[in-house]
Amino acid sequence: MENSEGVKIESTVVTEEPLISALDIALFVVIITVAYFWYFKRDKQSSSSEKKPYTIQPSSLSSIEQTSNSSFIKKLKSTGRSLVVFYGSQTGTAEEFAGRIAKEGARYKMKGMVADPEECDMADLVEMKEIQKSLAIFCIATYGEGDPTDNAMDFYEWLQNGDADLEGLNYAVFGLGNKTYEHYNEIAIYIDQRLEELGATRVHEIGLGDDDANIEDDFVSWKEKLWESVCSHYGIEETGEESNIRQYKLVDCSEVLPERIFSGEISRLKSYENQRFPFDVKNPYLSKIAVNRELHKSGDRSCMHIEFDIDGSKMRYDTGDHVAVYPKNSSELVDKIGELLNADLDAVFSLLNTDEESSKKHPFPCPCTYRTALTYYLDITSNPRTHIMKELIEYASDPKDQEKLKLMASSTPEGKKEFHEWILRDNRNIVHILEDLPSVKPDLDHLCELLPRLQCRYYSISSSPKVYPKSIHITAVLVNYTTSTNRVNKGVVTNLLAQLIPTNDELPQPTIPIYIRRSQFRLPPKSQTPIIMIGPGTGLAPFRGFIQERDYARKEGREIGEMVLYFGCRKKDEDFIYENELQEYVANGTLTKLHLAFSRDQPEKKYVTHLLEQNADELWNIIGEKSGHLYVCGDARSMAKDVHSIIVKVVMEKGQMTNSQALNYVKKMEQQKRYSADVWS
């Protein structure tokens, strides 16, 4: 350092350079010049904007519109409304419930609007007190393992991190959940409590809907008591008006040019012809079916191994993620609706929201044909809810049909019983209802307004991107069953996939829209961490990806931890899926142990839960002594619950803990992501 400084000083003395060199002067001139132009250019722009105060560039207009649209308070005030119903929805049910509440508000002199919290500035809740007799209702679903829905995430985080003063806000909450999951209605419960903590007034107690039982019944019962509480709180009376008010009006679009008509796209017109990255829920990727093969060796059931080609899509996935597959209804059912209603399915139409202030102008992409709407946008195979029964009453010309619909639409014990038996137990969809009540002839456009949106289906990805970076694999059981009315009901997506068989010739390969949904179902960060995987039936799917990834690491020379798999099916010779693959992984050492349960290969049924109970020492060795990870995939209703009980029991016995201590131990495992579940009901 000293030598360096000495050299520099010596050089200065010898050359006797001036204090300011030519280079310094040049740099100074450049800086002054840049500053001059920057200042006067900005000043010129400023002057220009002052001279043209009403000239707004397109980008600025978009920004202003977005800010304006996000203020639900302004909309409430400008339209004389006092009721706003927010929804947190992943499948559309919460949004549907929100719409029904907002619509009923008119009966109680409360003009309402539906709002998506993702599109609103939720900080405006502090201003609700400025609107006389105002009320905010939240229809909130809990998604996955106790998570908010995508569109409610920002609102949830705002409540968590903020401390807004919500005194003067009147509210009520209805939650949508499923009791087969551990975190039943967790998000709705949190929102209900947090709003009260921030000073808001609860007008009616929280409602908890259970989708594993009858969420429609839960909602209707809560809604009736809600309005009683509202009337009491505000000192108002029901008007008694029961008229069915249309939310959308029919627009004839027969003159619209063909290139402006939607033909099945989810959001953007012609999006399947002109694909643009990134791909998501509103912009799915049209993937080719690369492989579609049968996994079952015999028997009357079918399980498909399907590979989606994503080469060139820029899509990336991680092991354990889900793929969403967009369905379409069978042409047979669609044609049947056209026949029953004597309707022209190829007529082009649009449904336009009668509420001009609503951000949702159409219930689905419009304009389109009725055939397109019934094929791609509307759910015609699920059990209709009671409000549809109510709306169909006016279209029944036979008094018997009318009385039956009135009964099922009512909330009386007899009405609930009839709805449960005739709709739910007998598994009737809208086509069956129109067949069995022949005098019911609704206007097709009204029916399109009433039916819920057709939702994509999610499948666990059964491949690893390390091994298959250009394709996504799924494992899907074909759904076909006969109802008590002797009708054959078919799974919408699986029956569609069963028809999409790739060819070996030069014909165009079959395609289907997909996108990737991220998951928290992940392998441990370290490949040396031991894991236990429990996945009977198609619950094996994500573990096939796990095993592939660990096998890839082993082949790279990395150390991998123990991998223990519990798999079960009915019969070894019928539905032991991926048998050869699994045996090969055992042979090469990637899969440490493979525990198999074939439930019907012996007189007494044998399940994976029986094997878990028999292998308590092995379980504790991995999750207790070696701090390994445990994964469960499959049926939430029974299997996952039984596994949880067994794990708690093993921790108690082998870890020498009390029941309370064991429950806390397992809870901590879940918090540390050492106990993960990917389950469905």
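**Entry 1: Lys 270**

I began with Lys 270, which is partly exposed, with a relative accessible area of 23%. The model I am reading is a predicted one. I found Lys 270 in the loop between strand 8 and strand 9. I then looked up its backbone: Lys 270 has a positive phi of about 65° although it is not a glycine. I noted the background for this: most residues other than glycine have a negative phi.

**Entry 2: Asn 185**

I looked up Asn 185 next. Its phi is also given as positive, about 55°, and Asn 185 is not a glycine. I located Asn 185 in the loop between strand 5 (170-177) and helix 7 (186-197). Is Asn 185 buried or exposed? Its relative accessible area is 0%, so I wrote it down as buried.

**Entry 3: cis peptide bonds**

I turned to the peptide bonds. Most peptide bonds are trans. I noted a cis bond between Phe 277 and Pro 278, where omega is about 5°. Pro 278 sits in the loop between strand 8 (248-252) and strand 9 (285-294). I noted another cis bond from Cys 366 to Pro 367, with omega near 0°. I placed Pro 367 in the loop between strand 12 (348-353) and strand 13 (368-369).

**Entry 4: helix 16**

I checked how covered helix 16 is. The helix runs through residues 492-499, and six of its eight residues are buried. Which residues of helix 16 are buried? I listed Val 492, Val 493, Thr 494, Asn 495, Leu 496 and Leu 497.

**Entry 5: Thr 590**

I looked for Thr 590 and found it in the loop between helix 19 (579-587) and strand 21 (593-598). Thr 590 counts as buried because its relative accessibility is 0%. I then looked up what its side chain touches. A polar contact of 2.6 Å joins it to the side chain of Asp 551.

**Entry 6: salt bridges**

How many salt bridges does a search of the whole structure find? I recorded 43. I followed some of them one by one.

I took Lys 466 and Glu 549 as a pair; their closest N and O atoms are 3.5 Å apart in a salt bridge. The two residues are 83 residues apart, and the pair links distant parts of the chain. Lys 466 is in the loop between strand 14 (457-460) and strand 15 (471-477), while Glu 549 is in helix 17 (residues 541-555). I compared their cover. Lys 466 is partly exposed at 42% relative accessibility, whereas Glu 549 is buried, with a relative accessible area of 17%. The value for Glu 549 counts as buried because the cut-off is under 20%.

I took Glu 581 and Arg 544 as another pair, with a salt bridge of 3.0 Å from N to O. Why does this pair tie together separate parts of the sequence? Glu 581 lies in helix 19 and Arg 544 in helix 17, so the joined parts are 37 residues apart in sequence. Arg 544 is buried at 4% relative accessibility, and Glu 581 is partly exposed, with a relative accessible area of 22%.

I also followed Lys 626 and Glu 562, whose closest N and O atoms are 2.6 Å apart in a salt bridge. Lys 626 lies in the loop between helix 21 (616-625) and strand 22 (629-635), and Glu 562 in the loop between helix 17 and strand 20, so this pair ties together parts 64 residues apart in sequence. I noted both partners as partly exposed: Lys 626 has a relative accessible area of 40%, and Glu 562 is at 26% relative accessibility.

I ended this entry with a network. Salt bridges with shared partners join Lys 336, Arg 425, Asp 426, Arg 428, Glu 435, Asp 436 and Arg 487.

**Entry 7: charged patches**

I looked over the surface for charge. Which residues gather in a patch of positive charge? I wrote down Arg 570, Lys 571, Arg 600 and Lys 605. I placed Arg 570 in the loop between strand 20 (563-569) and helix 18 (572-575). Arg 570 is partly exposed, at 33% relative accessibility.

I then noted a patch of negative charge on the surface, made up of Glu 118, Glu 119, Asp 150, Asp 154 and Glu 157. Glu 119 is in the loop between strand 2 (112-115) and strand 3 (135-143). Its relative accessibility is 40%, so Glu 119 counts as partly exposed.

Definitions and conventions: Residues numbered from 1 in each chain as written. Predicted model: local features only at pLDDT ≥ 70, side-chain atom pairs only at ≥ 80, totals over all residues. Heavy atoms only, no water. Buried < 20%, exposed > 50% of the residue type's maximum accessible area, 1.4 Å probe, protein only. Helix = DSSP H or I, 4+ residues; strand = E, 2+ residues; numbered from the N terminus. Patch = residues over 30% accessible without salt bridge, like charges linked within 9 Å, V, L, I, M, F, W, Y side chains within 5 Å. Areas by Shrake-Rupley, 256 points an atom, 1.4 Å probe, with all protein chains shown as cover. Salt bridge = Lys/Arg side-chain N within 4 Å of Asp/Glu carboxyl O. Lys, Arg positive; Asp, Glu negative; His and termini not counted. Charge placed at Lys NZ, Arg CZ, Asp CG, Glu CD. Polar contact = N/O pair within 3.5 Å; in protein donor to acceptor, adjacent residues only side chain to side chain.
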